[in-house]
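Hello,

Here is the structure I promised to pass on to you. My notes on the core, the cavity and the pockets follow below it.

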Amino acid sequence: MGPTGRSLVELTGDTTPDSIAVRNANVIITTPEKWDSISRNWKYRKYVQQVGLIIMDEIHLLGSDRGPILEVIVSRMNFIAATKKEDVRIVGMSTAIANAQDLAGWLGVTETGLYNFKYFTSGRR
């Protein structure tokens, strides 16, 4: 347990915690590839079904080699949420992208949920 009273577990190619720790974790930090692999058997993994929030860093990589994995994760988690009739919140973070509106629409983010911070140059605010 951490200072917040939450348990955190890391699932990457470098770490392999025991399955009990994963099932009991409040926060799972993982790579897209690892989560894709784990969530494929979501019907048999209650902790995958209980996910309420996914934070995806570098979501601008949708247009790169990792893009299909990110797409599968978003689609699968939305399918799980629809099947369970529960919401899953998806937060995508990125460097500046030109198509923030399109990406938000695909993620199911409404206009009020899109935060596109403007770029400031030195000396201008």
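The largest nonpolar core has 24 residues, and W35, V48, M56 and M77 make the most contacts inside it. A nonpolar core here is a set of buried Ala, Val, Leu, Ile, Met, Phe, Trp, Tyr and Cys residues joined through side-chain atoms within 4.5 Å; buried means under 20% relative accessible area, exposed over 50% and partly exposed in between, with a 1.4 Å probe and protein chains only. Two or more residues of this core come from each of β1 (8-11), α2, α3, β3, α4 and α5, and α4 gives the largest share, six residues. Helices (H or I, at least four residues) and strands (E, at least two) are DSSP runs, numbered from the N terminus. In soluble globular proteins, nonpolar side chains tend to be buried together.

Before you go further, please note that this is a predicted model: local features need pLDDT of at least 70, side-chain atom pairs count only at pLDDT 80 or more, and totals for chains, interfaces and linings use all residues. Residues are numbered from 1 along each chain as its sequence is written, and side-chain values use heavy atoms, with hydrogens and water left out.

Back to V48: leaving aside neighbours within four places in sequence, V48 is in contact (heavy atoms within 4.5 Å) with W35, I38, S39, W42, M77 and I80. S39 is part of helix α2 and counts as buried because its relative accessibility is 0%. A polar atom of the S39 side chain lies 2.7 Å from the backbone oxygen of W35. With neighbours within four places again left aside, S39 is in contact with V48 and R76.

Over the whole structure, one cavity of 30 Å³ or more was found, and the largest cavity has a volume of about 60 Å³. On a 1 Å grid over the protein atoms alone, a cavity is a set of points where a 1.4 Å probe fits but cannot get out, while a pocket is an open set with protein on both sides within 12 Å along at least five of seven lines; lining residues have an atom within 4 Å of a point. Grid points are joined across faces, edges and corners, and a volume is the space filled by probe spheres set on the points. The lining of the largest cavity includes V48, M77 and I80, and its largest share, four residues, comes from α4.

Now the pockets, which may interest you most. The largest pocket has a volume of about 830 Å³. Its lining has 25 residues, with I28, I29, T30, I54 and I55 nearest its centre. At least two lining residues come from each of α1 (19-24), β2 (27-30), α2 (32-39), β3 (53-56) and α4. The second largest pocket holds about 710 Å³, and among its 27 lining residues G92, M93, G113, L114 and Y115 are the closest to its centre. β4 (89-92) and α5 (100-107) are the elements that give that lining two or more residues.

As for the overall chain, five helices and four strands follow the pattern β-α-β-α-α-β-α-β-α along the sequence. Of its 125 residues, 26% count as buried. The C-alpha atoms fill a box of roughly 50 × 35 × 30 Å along the principal axes.

Best wishes

Technical notes
A polar contact is a pair of N or O atoms within 3.5 Å; within protein, one must be able to donate a hydrogen and the other to accept it, and residues adjacent in sequence count only if both atoms are side-chain atoms.
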